[in-house]
Amino acid sequence: MKIEFKNVNFNYDNDVVFSNLNLEIKEGEFVGLVGNNGTGKSTIIKLIAGIVKAKSGEIFNDFHSVGYLSQVNINKRNSFSANVREIVSLGLKKKPFSFMTKKDYQKVDDILHKMGIYELRNKRLDELSGGQQEKVRFAEVILSNPDLILLDEPTTGIDEVSKQEIKNILKSLLKEKKTIVMVSHMQEDFPEGCRFIDLDKEEK
């Protein structure tokens, strides 16, 4: 499985984001998209996820399932009445929480432990810090066990402790050979072993 962009062009109205972009991401790679604002990092993530469409060019993606962690405005974080355990369980894409099996509950609890948020399982999202909320959203994505994980600035607007905790989770996913494409402004947010695509150096 792989992702390939061939001479892809994209613009928002009259604002050209990139022209004739070519890149390839192979199965099992952890790829970091870096570059200045306006170089199209988040746009590439959205193109891969199928949220937006290219103006022209070809995008090939034969990954069967995609987990997408979008950017969140730190001033508008979600405030659901559901608790953490219920929210993360949505990653199973099954029936409502009340219809989950004992095996389903165990899967949710396992991922909560992995993310270091098990003790928060009965709290509402609006009771958590920004970093804790991001780990809850991340846990929901991982629980769905997608072939491809797309992360759009998962460490933006959170404290340094939470950044390091998320980086440790990324390290574990790297060891598991998960295929991941991540956007960040800071290369130090990525785990060692990540392959970088610097959009400042790509042909515009």
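Select F10 and F18: both are buried (under 20% relative accessible area; exposed is over 50%, partly exposed in between; 1.4 Å probe, protein chains only). This is a predicted model, where local features need pLDDT of at least 70, side-chain atom pairs count only at pLDDT 80 or more, and totals for chains, interfaces and linings use all residues. Residues are numbered from 1 along each chain as its sequence is written, and side-chain values use heavy atoms, leaving out hydrogens and water.

**Aromatic cluster**

F10, Y12 and F18 form one aromatic cluster. Rings of Phe, Tyr and Trp (its six-membered ring) pair if their centres lie within 6.5 Å; planes under 30 degrees apart are stacked, over 60 edge-to-face, the rest tilted. The whole structure holds 3 aromatic pairs. F10 and Y12 are edge-to-face, at 4.7 Å centre to centre and 80° between the planes. F10 and F18 have centres 6.4 Å apart and planes at 40°, so this pair is tilted. Colour by accessibility: F10 has 5%, while Y12 is partly exposed at 37%.

**The sheet**

Switch to cartoon. 5 strands make an open, parallel sheet, ordered β5-β6-β7-β3-β8. Strands (E, at least two residues) and helices (H or I, at least four) are DSSP runs, numbered from the N terminus; two strands pair if DSSP finds at least two bridges between them. β5 (66-69) and β8 (195-198) are the edges; each has a single partner strand, so one side of each lacks a neighbour in the sheet.

Now select 148-152 and 179-183. These are β6 and β7, paired in parallel over 5 bridges. I149 has I180 in β7 as its bridge partner.
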